[in-house]
There are 2 protein chains.
Amino acid sequence: MESNTLFQYSVVSALMDGVASNGLPLQTLSQHGNHGLGTFRRMAGEMIIIDGQIYSMKADGSVTLISSTEQTETVTPYAMVTRFSPTITKKVKLGGKDELKDFLTNLIPRTSNNYLAFRVDGVFKSVTVRAAGPQKEKGEGLVAVCARQTVFELEPEEGGGIGGTIIGFRSPAFLQGVSVAGDHLHFITDDRKRGGHMLGFETEGEVEVQVAGMWRVELELPKDDEEFENAKLVGDNEGIKAVEG
Amino acid sequence: MESNTLFQYSVVSALMDGVASNGLPLQTLSQHGNHGLGTFRRMAGEMIIIDGQIYSMKADGSVTLISSTEQTETVTPYAMVTRFSPTITKKVKLGGKDELKDFLTNLIPRTSNNYLAFRVDGVFKSVTVRAAGPQKEKGEGLVAVCARQTVFELEPEEGGGIGGTIIGFRSPAFLQGVSVAGDHLHFITDDRKRGGHMLGFETEGEVEVQVAGMWRVELELPKDDEEFENAKLVGDNEGIKAVEG
(Lines give C-alpha, C1' and ligand atoms only; values in the text may rest on other atoms or scores of the structure.)
Protein backbone atom coordinates (compact mmCIF):
# COMPACT_ATOMS: atom_id res chain seq x y z
CA MET A 1 0.00 0.00 0.00
CA GLU A 2 1.09 3.56 -0.71
CA SER A 3 2.55 5.62 2.11
CA ASN A 4 0.10 7.71 4.11
CA THR A 5 -2.98 5.88 2.87
CA LEU A 6 -5.24 5.29 5.83
CA PHE A 7 -6.55 1.76 6.22
CA GLN A 8 -9.42 1.41 8.66
CA TYR A 9 -11.29 -1.69 9.74
CA SER A 10 -14.94 -1.12 10.77
CA VAL A 11 -16.24 2.15 12.21
CA VAL A 12 -16.31 3.72 15.68
CA SER A 13 -20.12 3.75 15.63
CA ALA A 14 -19.98 -0.06 15.63
CA LEU A 15 -17.91 -0.04 18.85
CA MET A 16 -20.42 2.42 20.33
CA ASP A 17 -23.08 -0.16 19.53
CA GLY A 18 -21.03 -2.95 21.13
CA VAL A 19 -19.91 -4.71 17.94
CA ALA A 20 -16.65 -6.35 19.04
CA SER A 21 -17.08 -10.14 18.95
CA ASN A 22 -15.27 -10.63 15.65
CA GLY A 23 -12.76 -8.77 13.57
CA LEU A 24 -9.82 -8.62 11.24
CA PRO A 25 -6.76 -10.79 11.99
CA LEU A 26 -3.84 -8.60 13.04
CA GLN A 27 -1.72 -10.31 10.42
CA THR A 28 -3.95 -8.79 7.73
CA LEU A 29 -4.06 -5.43 9.51
CA SER A 30 -0.29 -5.22 9.68
CA GLN A 31 -0.04 -5.61 5.92
CA HIS A 32 -1.68 -2.19 5.65
CA GLY A 33 0.77 -0.19 7.74
CA ASN A 34 3.28 0.19 10.54
CA HIS A 35 1.69 3.06 12.52
CA GLY A 36 -1.71 2.65 14.10
CA LEU A 37 -4.14 2.27 16.93
CA GLY A 38 -7.28 0.34 17.76
CA THR A 39 -8.66 -2.24 20.10
CA PHE A 40 -9.06 -6.01 20.41
CA ARG A 41 -11.86 -8.56 20.47
CA ARG A 42 -14.42 -7.61 23.14
CA MET A 43 -12.62 -4.25 23.42
CA ALA A 44 -10.02 -5.90 25.63
CA GLY A 45 -7.52 -3.07 25.94
CA GLU A 46 -5.88 -0.43 23.78
CA MET A 47 -3.86 -1.27 20.68
CA ILE A 48 -0.82 0.66 19.50
CA ILE A 49 1.17 -0.13 16.36
CA ILE A 50 4.60 1.45 16.42
CA ASP A 51 7.33 0.74 13.87
CA GLY A 52 5.28 -2.26 12.74
CA GLN A 53 5.13 -3.82 16.24
CA ILE A 54 1.65 -4.36 17.70
CA TYR A 55 1.16 -3.98 21.46
CA SER A 56 -1.84 -4.62 23.67
CA MET A 57 -2.19 -2.26 26.65
CA LYS A 58 -4.69 -3.48 29.18
CA ALA A 59 -6.71 -2.06 32.09
CA ASP A 60 -4.62 -4.17 34.51
CA GLY A 61 -1.57 -2.13 33.47
CA SER A 62 0.05 -4.88 31.41
CA VAL A 63 1.62 -4.12 28.03
CA THR A 64 2.24 -7.09 25.72
CA LEU A 65 3.84 -7.44 22.31
CA ILE A 66 1.65 -9.50 19.98
CA SER A 67 4.05 -11.93 18.28
CA SER A 68 3.76 -12.78 14.58
CA THR A 69 2.30 -16.18 15.49
CA GLU A 70 -0.33 -14.59 17.73
CA GLN A 71 -1.20 -12.12 14.98
CA THR A 72 -2.86 -14.87 12.96
CA GLU A 73 -5.28 -15.70 15.81
CA THR A 74 -5.80 -12.28 17.34
CA VAL A 75 -8.44 -10.06 15.77
CA THR A 76 -9.38 -6.40 15.95
CA PRO A 77 -12.97 -5.15 15.75
CA TYR A 78 -11.68 -1.60 15.07
CA ALA A 79 -8.30 -0.27 14.02
CA MET A 80 -6.65 2.47 11.96
CA VAL A 81 -3.26 1.98 10.40
CA THR A 82 -1.01 3.62 7.82
CA ARG A 83 2.40 3.21 6.28
CA PHE A 84 3.59 6.41 7.91
CA SER A 85 5.90 8.64 5.93
CA PRO A 86 6.08 12.01 7.68
CA THR A 87 6.26 15.04 5.41
CA ILE A 88 7.10 17.50 8.22
CA THR A 89 9.30 17.02 11.29
CA LYS A 90 9.76 19.67 13.96
CA LYS A 91 10.90 19.98 17.58
CA VAL A 92 8.70 21.69 20.15
CA LYS A 93 7.94 21.83 23.87
CA LEU A 94 4.29 21.01 24.55
CA GLY A 95 2.05 21.65 27.56
CA GLY A 96 -0.64 19.15 26.62
CA LYS A 97 -3.13 17.87 24.07
CA ASP A 98 -4.53 21.32 23.22
CA GLU A 99 -1.05 22.67 22.50
CA LEU A 100 -0.29 19.64 20.34
CA LYS A 101 -3.56 20.25 18.49
CA ASP A 102 -2.72 23.89 17.77
CA PHE A 103 0.86 23.03 16.87
CA LEU A 104 -0.25 20.42 14.31
CA THR A 105 -2.88 22.77 12.85
CA ASN A 106 -0.22 25.41 12.27
CA LEU A 107 2.38 22.91 11.09
CA ILE A 108 0.14 21.47 8.38
CA PRO A 109 -2.58 24.04 7.67
CA ARG A 110 -5.65 23.74 5.43
CA THR A 111 -6.18 20.11 6.32
CA SER A 112 -9.36 20.22 8.38
CA ASN A 113 -11.25 18.05 5.87
CA ASN A 114 -8.74 15.21 5.58
CA TYR A 115 -6.95 12.86 7.93
CA LEU A 116 -3.54 13.38 9.57
CA ALA A 117 -1.17 10.78 10.95
CA PHE A 118 1.33 11.97 13.52
CA ARG A 119 3.92 10.79 15.97
CA VAL A 120 5.61 12.45 18.92
CA ASP A 121 8.88 11.09 20.33
CA GLY A 122 10.70 12.34 23.39
CA VAL A 123 10.79 12.72 27.13
CA PHE A 124 7.60 13.63 28.97
CA LYS A 125 7.29 15.26 32.39
CA SER A 126 3.84 13.75 32.94
CA VAL A 127 1.66 11.28 31.08
CA THR A 128 -1.91 10.23 31.87
CA VAL A 129 -3.31 7.25 30.00
CA ARG A 130 -6.34 5.07 30.34
CA ALA A 131 -7.03 1.51 29.32
CA ALA A 132 -10.51 0.06 29.03
CA GLY A 133 -12.24 -3.25 28.42
CA PRO A 134 -13.02 -6.00 28.01
CA GLN A 135 -16.80 -5.91 27.58
CA LYS A 136 -18.68 -7.43 30.52
CA GLU A 137 -21.00 -9.14 28.08
CA LYS A 138 -21.39 -9.42 24.33
CA GLY A 139 -22.85 -6.28 22.83
CA GLU A 140 -21.88 -3.93 25.66
CA GLY A 141 -21.28 -0.52 24.08
CA LEU A 142 -18.09 1.55 24.20
CA VAL A 143 -19.53 4.12 26.62
CA ALA A 144 -20.38 1.42 29.18
CA VAL A 145 -16.99 -0.27 28.67
CA CYS A 146 -15.15 3.02 29.21
CA ALA A 147 -17.14 3.73 32.38
CA ARG A 148 -14.92 1.01 33.92
CA GLN A 149 -11.65 2.31 32.45
CA THR A 150 -8.50 2.43 34.56
CA VAL A 151 -6.54 5.70 34.54
CA PHE A 152 -2.77 5.60 35.02
CA GLU A 153 -0.48 8.49 35.90
CA LEU A 154 2.81 7.17 34.62
CA GLU A 155 5.67 7.48 37.13
CA PRO A 156 8.88 9.18 35.96
CA GLU A 157 11.85 6.88 35.50
CA GLU A 158 14.96 7.18 37.63
CA GLY A 159 16.84 10.21 36.38
CA GLY A 160 13.50 11.89 35.66
CA GLY A 161 11.03 11.97 32.84
CA ILE A 162 9.09 9.39 30.88
CA GLY A 163 10.61 8.43 27.54
CA GLY A 164 8.00 7.37 25.02
CA THR A 165 6.05 7.87 21.83
CA ILE A 166 2.59 9.12 20.93
CA ILE A 167 1.01 7.48 17.90
CA GLY A 168 -1.92 9.53 16.70
CA PHE A 169 -4.47 10.30 14.03
CA ARG A 170 -6.58 13.37 13.40
CA SER A 171 -9.92 12.66 11.71
CA PRO A 172 -12.13 15.29 10.07
CA ALA A 173 -15.30 16.41 11.86
CA PHE A 174 -17.57 15.24 9.04
CA LEU A 175 -16.33 11.66 9.53
CA GLN A 176 -17.31 11.48 13.21
CA GLY A 177 -18.74 8.00 13.73
CA VAL A 178 -16.65 6.49 10.97
CA SER A 179 -13.53 7.52 12.88
CA VAL A 180 -13.03 9.53 16.07
CA ALA A 181 -13.31 13.19 14.98
CA GLY A 182 -10.35 15.26 16.13
CA ASP A 183 -7.13 13.94 17.62
CA HIS A 184 -6.91 10.37 18.89
CA LEU A 185 -3.68 9.51 20.71
CA HIS A 186 -2.24 6.29 22.08
CA PHE A 187 1.05 6.27 24.01
CA ILE A 188 3.75 3.74 24.82
CA THR A 189 6.97 4.09 26.80
CA ASP A 190 10.40 3.48 25.27
CA ASP A 191 10.76 0.27 27.28
CA ARG A 192 7.33 -0.84 25.97
CA LYS A 193 6.16 -1.64 29.50
CA ARG A 194 3.52 1.03 30.04
CA GLY A 195 0.98 2.89 27.93
CA GLY A 196 -2.61 3.33 26.85
CA HIS A 197 -5.11 5.75 25.36
CA MET A 198 -3.65 9.18 26.13
CA LEU A 199 -5.71 11.56 28.23
CA GLY A 200 -3.10 14.20 29.01
CA PHE A 201 0.62 14.97 29.05
CA GLU A 202 3.31 17.56 29.39
CA THR A 203 6.70 17.29 27.75
CA GLU A 204 9.94 17.73 29.68
CA GLY A 205 11.68 19.80 27.03
CA GLU A 206 11.43 19.69 23.26
CA VAL A 207 10.03 16.57 21.64
CA GLU A 208 10.05 15.58 17.99
CA VAL A 209 6.73 15.90 16.18
CA GLN A 210 6.25 14.21 12.81
CA VAL A 211 3.13 14.55 10.70
CA ALA A 212 1.67 13.65 7.32
CA GLY A 213 -1.64 14.49 5.65
CA MET A 214 -3.77 11.62 4.37
CA TRP A 215 -6.30 11.96 1.55
CA ARG A 216 -6.78 8.30 0.65
CA VAL A 217 -8.83 6.06 2.91
CA GLU A 218 -9.41 2.36 2.57
CA LEU A 219 -12.36 1.40 4.73
CA GLU A 220 -13.08 -2.27 5.25
CA LEU A 221 -16.47 -3.05 6.75
CA PRO A 222 -17.07 -6.33 8.64
CA LYS A 223 -18.41 -9.00 6.29
CA ASP A 224 -20.44 -12.08 7.27
CA ASP A 225 -20.62 -10.60 10.78
CA GLU A 226 -24.15 -10.84 12.16
CA GLU A 227 -23.41 -8.47 15.02
CA PHE A 228 -22.27 -5.76 12.58
CA GLU A 229 -25.16 -6.42 10.19
CA ASN A 230 -27.66 -5.88 13.00
CA ALA A 231 -25.94 -2.84 14.52
CA LYS A 232 -27.80 0.46 14.57
CA LEU A 233 -24.75 2.62 13.81
CA VAL A 234 -26.41 5.84 14.81
CA GLY A 235 -24.03 8.78 14.99
CA ASP A 236 -23.42 9.63 18.66
CA ASN A 237 -21.19 12.68 18.55
CA GLU A 238 -21.38 13.44 22.27
CA GLY A 239 -20.85 9.83 23.26
CA ILE A 240 -17.76 9.42 21.08
CA LYS A 241 -16.30 12.72 22.30
CA ALA A 242 -16.85 11.65 25.91
CA VAL A 243 -14.98 8.35 25.65
CA GLU A 244 -12.42 8.89 22.90
CA GLY A 245 -11.56 12.58 23.16
CA MET B 1 -8.71 -3.21 -8.23
CA GLU B 2 -10.67 -6.14 -6.82
CA SER B 3 -14.23 -6.69 -8.02
CA ASN B 4 -16.97 -5.01 -6.00
CA THR B 5 -14.63 -2.65 -4.18
CA LEU B 6 -16.25 0.76 -4.13
CA PHE B 7 -14.05 3.63 -5.20
CA GLN B 8 -15.40 7.05 -4.37
CA TYR B 9 -13.97 10.48 -5.10
CA SER B 10 -14.89 13.22 -2.59
CA VAL B 11 -18.09 13.22 -0.55
CA VAL B 12 -21.69 14.31 -1.17
CA SER B 13 -21.44 16.88 1.65
CA ALA B 14 -18.85 18.69 -0.48
CA LEU B 15 -21.33 18.99 -3.37
CA MET B 16 -23.94 20.22 -0.89
CA ASP B 17 -21.43 22.92 0.04
CA GLY B 18 -20.83 23.78 -3.64
CA VAL B 19 -17.37 22.22 -3.99
CA ALA B 20 -17.26 21.40 -7.72
CA SER B 21 -14.57 23.55 -9.37
CA ASN B 22 -11.95 20.83 -9.50
CA GLY B 23 -11.85 17.08 -9.43
CA LEU B 24 -10.43 13.76 -10.49
CA PRO B 25 -9.68 13.16 -14.20
CA LEU B 26 -12.11 10.62 -15.63
CA GLN B 27 -9.17 8.65 -16.95
CA THR B 28 -8.13 7.98 -13.34
CA LEU B 29 -11.69 7.30 -12.26
CA SER B 30 -12.20 4.71 -14.97
CA GLN B 31 -9.18 2.76 -13.72
CA HIS B 32 -11.24 2.01 -10.60
CA GLY B 33 -14.26 0.42 -12.23
CA ASN B 34 -16.73 0.00 -15.08
CA HIS B 35 -20.02 0.70 -13.26
CA GLY B 36 -20.70 4.05 -11.68
CA LEU B 37 -22.34 7.39 -11.36
CA GLY B 38 -21.45 10.94 -10.43
CA THR B 39 -21.31 14.43 -11.83
CA PHE B 40 -18.94 16.77 -13.65
CA ARG B 41 -17.07 19.99 -13.00
CA ARG B 42 -19.51 22.69 -11.80
CA MET B 43 -22.12 19.89 -11.44
CA ALA B 44 -22.75 20.13 -15.18
CA GLY B 45 -25.07 17.16 -15.62
CA GLU B 46 -25.40 13.58 -14.48
CA MET B 47 -22.68 10.98 -15.05
CA ILE B 48 -23.32 7.31 -15.74
CA ILE B 49 -20.62 4.69 -16.23
CA ILE B 50 -21.94 1.58 -17.93
CA ASP B 51 -19.76 -1.27 -19.20
CA GLY B 52 -16.77 1.04 -18.80
CA GLN B 53 -18.25 3.78 -21.02
CA ILE B 54 -18.73 7.19 -19.41
CA TYR B 55 -21.70 9.33 -20.49
CA SER B 56 -22.69 12.88 -19.61
CA MET B 57 -26.45 13.48 -19.38
CA LYS B 58 -27.33 17.16 -19.32
CA ALA B 59 -30.27 19.35 -18.37
CA ASP B 60 -30.74 20.28 -22.06
CA GLY B 61 -31.56 16.62 -22.74
CA SER B 62 -28.28 15.80 -24.48
CA VAL B 63 -26.43 12.57 -23.75
CA THR B 64 -22.76 12.41 -24.76
CA LEU B 65 -20.13 9.71 -24.65
CA ILE B 66 -16.89 11.00 -23.13
CA SER B 67 -14.14 9.69 -25.41
CA SER B 68 -10.84 8.37 -24.04
CA THR B 69 -9.10 11.55 -25.18
CA GLU B 70 -11.66 13.73 -23.41
CA GLN B 71 -11.28 11.62 -20.25
CA THR B 72 -7.83 13.08 -19.63
CA GLU B 73 -9.20 16.65 -19.55
CA THR B 74 -12.63 16.09 -18.02
CA VAL B 75 -12.83 15.95 -14.24
CA THR B 76 -15.40 14.83 -11.71
CA PRO B 77 -15.89 16.55 -8.33
CA TYR B 78 -17.90 13.51 -7.10
CA ALA B 79 -18.24 9.99 -8.40
CA MET B 80 -18.71 6.39 -7.25
CA VAL B 81 -17.43 3.49 -9.31
CA THR B 82 -16.81 -0.22 -8.95
CA ARG B 83 -15.62 -3.16 -10.99
CA PHE B 84 -19.06 -4.73 -10.88
CA SER B 85 -19.27 -8.48 -10.51
CA PRO B 86 -22.87 -9.39 -9.62
CA THR B 87 -23.29 -12.25 -7.16
CA ILE B 88 -27.06 -12.56 -7.68
CA THR B 89 -29.10 -12.19 -10.88
CA LYS B 90 -32.87 -12.45 -10.96
CA LYS B 91 -35.79 -11.46 -13.22
CA VAL B 92 -38.70 -9.48 -11.82
CA LYS B 93 -41.46 -7.06 -12.81
CA LEU B 94 -41.19 -3.79 -10.90
CA GLY B 95 -43.67 -1.01 -10.24
CA GLY B 96 -41.13 1.61 -9.18
CA LYS B 97 -38.26 2.59 -6.93
CA ASP B 98 -39.90 1.35 -3.72
CA GLU B 99 -40.49 -2.07 -5.23
CA LEU B 100 -36.90 -2.21 -6.44
CA LYS B 101 -35.78 -1.25 -2.94
CA ASP B 102 -37.78 -4.05 -1.31
CA PHE B 103 -36.75 -6.53 -3.98
CA LEU B 104 -33.04 -5.80 -3.43
CA THR B 105 -33.41 -5.96 0.35
CA ASN B 106 -34.96 -9.43 0.08
CA LEU B 107 -32.56 -10.56 -2.63
CA ILE B 108 -29.44 -9.75 -0.59
CA PRO B 109 -30.55 -9.56 3.06
CA ARG B 110 -28.52 -8.49 6.10
CA THR B 111 -26.65 -5.83 4.18
CA SER B 112 -28.04 -2.62 5.66
CA ASN B 113 -24.62 -1.57 6.99
CA ASN B 114 -22.61 -1.99 3.79
CA TYR B 115 -22.85 -0.78 0.21
CA LEU B 116 -24.59 -2.51 -2.70
CA ALA B 117 -23.95 -2.10 -6.42
CA PHE B 118 -26.80 -3.04 -8.73
CA ARG B 119 -27.93 -2.91 -12.31
CA VAL B 120 -31.32 -3.34 -13.93
CA ASP B 121 -31.61 -4.16 -17.65
CA GLY B 122 -34.82 -4.41 -19.64
CA VAL B 123 -37.80 -2.67 -21.13
CA PHE B 124 -39.57 0.02 -19.12
CA LYS B 125 -43.15 1.22 -19.54
CA SER B 126 -42.32 4.62 -18.06
CA VAL B 127 -39.15 6.36 -16.96
CA THR B 128 -38.80 9.75 -15.25
CA VAL B 129 -35.32 11.23 -15.00
CA ARG B 130 -33.90 14.57 -14.11
CA ALA B 131 -30.67 16.30 -15.02
CA ALA B 132 -29.26 19.26 -13.13
CA GLY B 133 -26.47 21.78 -13.36
CA PRO B 134 -24.24 23.49 -14.07
CA GLN B 135 -23.78 25.80 -11.08
CA LYS B 136 -24.77 29.40 -11.80
CA GLU B 137 -21.68 30.55 -9.96
CA LYS B 138 -18.72 28.99 -8.20
CA GLY B 139 -19.69 27.61 -4.80
CA GLU B 140 -23.40 27.24 -5.50
CA GLY B 141 -24.62 24.27 -3.45
CA LEU B 142 -26.31 21.12 -4.73
CA VAL B 143 -29.74 22.09 -3.38
CA ALA B 144 -29.71 25.38 -5.31
CA VAL B 145 -28.39 23.66 -8.44
CA CYS B 146 -31.14 21.03 -8.26
CA ALA B 147 -33.82 23.70 -7.83
CA ARG B 148 -33.22 24.37 -11.55
CA GLN B 149 -33.24 20.70 -12.60
CA THR B 150 -35.04 19.59 -15.76
CA VAL B 151 -37.37 16.61 -15.44
CA PHE B 152 -37.87 14.35 -18.46
CA GLU B 153 -40.62 11.79 -18.96
CA LEU B 154 -38.99 9.53 -21.52
CA GLU B 155 -41.21 8.75 -24.53
CA PRO B 156 -41.70 5.08 -25.46
CA GLU B 157 -39.97 3.97 -28.63
CA GLU B 158 -41.89 2.81 -31.67
CA GLY B 159 -43.17 -0.66 -30.91
CA GLY B 160 -43.60 0.40 -27.26
CA GLY B 161 -41.46 0.55 -24.20
CA ILE B 162 -38.15 2.14 -23.30
CA GLY B 163 -35.17 -0.18 -23.43
CA GLY B 164 -32.46 0.81 -21.01
CA THR B 165 -30.34 0.21 -17.94
CA ILE B 166 -30.34 1.47 -14.38
CA ILE B 167 -26.91 1.77 -12.77
CA GLY B 168 -27.25 2.08 -9.02
CA PHE B 169 -25.69 2.04 -5.60
CA ARG B 170 -27.19 1.59 -2.17
CA SER B 171 -25.28 3.34 0.64
CA PRO B 172 -25.74 2.65 4.35
CA ALA B 173 -27.62 5.20 6.45
CA PHE B 174 -24.63 5.83 8.74
CA LEU B 175 -22.62 7.06 5.72
CA GLN B 176 -25.12 9.77 4.72
CA GLY B 177 -23.04 12.78 3.72
CA VAL B 178 -20.13 10.65 2.60
CA SER B 179 -22.40 9.02 0.03
CA VAL B 180 -26.13 9.34 -0.65
CA ALA B 181 -27.82 7.10 1.95
CA GLY B 182 -30.26 4.66 0.39
CA ASP B 183 -30.63 3.91 -3.30
CA HIS B 184 -29.12 6.23 -5.89
CA LEU B 185 -30.06 5.43 -9.50
CA HIS B 186 -28.95 6.79 -12.85
CA PHE B 187 -30.56 5.59 -16.10
CA ILE B 188 -29.57 5.44 -19.76
CA THR B 189 -31.44 4.11 -22.78
CA ASP B 190 -30.12 1.27 -24.93
CA ASP B 191 -29.42 3.72 -27.77
CA ARG B 192 -27.50 5.91 -25.28
CA LYS B 193 -29.45 8.97 -26.39
CA ARG B 194 -31.52 9.72 -23.28
CA GLY B 195 -31.10 9.39 -19.55
CA GLY B 196 -30.39 11.05 -16.23
CA HIS B 197 -30.81 10.76 -12.47
CA MET B 198 -33.78 8.43 -12.06
CA LEU B 199 -36.82 9.76 -10.21
CA GLY B 200 -39.34 7.04 -11.05
CA PHE B 201 -40.12 4.15 -13.37
CA GLU B 202 -42.30 1.17 -14.10
CA THR B 203 -41.12 -1.87 -16.02
CA GLU B 204 -43.00 -3.26 -18.98
CA GLY B 205 -42.59 -6.91 -18.02
CA GLU B 206 -39.78 -8.67 -16.23
CA VAL B 207 -36.38 -7.00 -16.15
CA GLU B 208 -33.03 -8.45 -15.11
CA VAL B 209 -31.74 -7.30 -11.73
CA GLN B 210 -28.10 -7.91 -10.82
CA VAL B 211 -26.61 -7.05 -7.44
CA ALA B 212 -23.44 -7.40 -5.39
CA GLY B 213 -22.62 -6.45 -1.80
CA MET B 214 -19.59 -4.22 -1.21
CA TRP B 215 -17.62 -4.16 2.03
CA ARG B 216 -14.43 -2.45 0.84
CA VAL B 217 -14.43 1.27 0.17
CA GLU B 218 -11.62 3.36 -1.23
CA LEU B 219 -12.37 6.99 -0.52
CA GLU B 220 -10.20 9.61 -2.16
CA LEU B 221 -10.56 13.12 -0.76
CA PRO B 222 -9.66 16.18 -2.87
CA LYS B 223 -6.03 17.19 -2.28
CA ASP B 224 -4.55 20.65 -2.86
CA ASP B 225 -8.08 21.89 -3.47
CA GLU B 226 -8.71 25.14 -1.64
CA GLU B 227 -12.46 24.95 -2.16
CA PHE B 228 -12.60 21.53 -0.48
CA GLU B 229 -10.23 22.57 2.30
CA ASN B 230 -12.50 25.48 3.19
CA ALA B 231 -15.78 23.58 2.89
CA LYS B 232 -17.95 23.20 5.98
CA LEU B 233 -19.06 19.64 5.22
CA VAL B 234 -21.87 19.68 7.71
CA GLY B 235 -24.16 16.66 7.44
CA ASP B 236 -27.45 17.75 5.86
CA ASN B 237 -29.59 14.64 5.87
CA GLU B 238 -32.82 16.36 4.80
CA GLY B 239 -31.09 18.33 2.06
CA ILE B 240 -29.42 15.28 0.55
CA LYS B 241 -32.65 13.28 0.71
CA ALA B 242 -34.50 16.09 -1.04
CA VAL B 243 -32.17 16.34 -4.02
CA GLU B 244 -30.71 12.85 -4.41
CA GLY B 245 -33.47 10.55 -3.20
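This is a predicted model: local features need pLDDT of at least 70, side-chain atom pairs count only at pLDDT 80 or more; totals for chains, interfaces and linings use all residues.
Residues are numbered from 1 along each chain as its sequence is written, chains are lettered from A and ligands numbered from 1 in the order in which they are written, and side-chain values use heavy atoms, with hydrogens and water left out.

Helices (H or I, at least four residues) and strands (E, at least two) are DSSP runs, numbered from the N terminus. In chain A, Leu219(A) lies in strand E16 (residues 216-220). Leu219(A) counts as buried, at 8% relative accessibility; buried means under 20% relative accessible area, exposed over 50%, and partly exposed in between (1.4 Å probe, protein chains only). Contact means heavy atoms within 4.5 Å. Residues up to four places away in sequence not counted, Leu219(A) touches Gln8(A), Ser10(A) and Val11(A), and also Trp215(B), Arg216(B) and Val217(B). The C-alpha atoms of Leu219(A) and Phe7(A) are 212 residues apart along the chain but separated by 6.0 Å. In chain B, Glu220(B) is found in strand E16 (residues 216-220) and counts as buried, at 17% relative accessibility. Leaving aside neighbours within four places in sequence, the contacts of Glu220(B) include Trp215(A) and Arg216(A), as well as Phe7(B) and Leu24(B).

In soluble globular proteins, nonpolar side chains tend to be buried together. A nonpolar core is a set of buried Ala, Val, Leu, Ile, Met, Phe, Trp, Tyr and Cys residues joined through side-chain atoms within 4.5 Å. The largest one here has 70 residues, and those that touch the most other members are Val11(A), Tyr115(A), Phe228(A), Val11(B), Tyr115(B) and Phe228(B). With residues up to four places away in sequence not counted, Phe228(A) touches residues of both chains, among them Val11(A), Leu233(A), Asn113(B) and Phe174(B).

Some backbone features remain to be described. Most residues other than glycine have a negative phi, and most peptide bonds are trans. The peptide bond from Gly133(A) to Pro134(A) is cis, with omega near 5°, and a cis peptide bond also joins Gly133(B) and Pro134(B), with omega about 0°. Pro134(A) is found in the loop between strand E10 (115-131) and helix H5 (142-146) of chain A. Asp224(A), in the loop between E16 and helix H6 (226-229) of chain A, has a positive phi near 55° and is exposed, with a relative accessible area of 65%. Arg110(B) has a positive phi of about 60° although it is not a glycine; Arg110(B) is partly exposed, with a relative accessible area of 46%.
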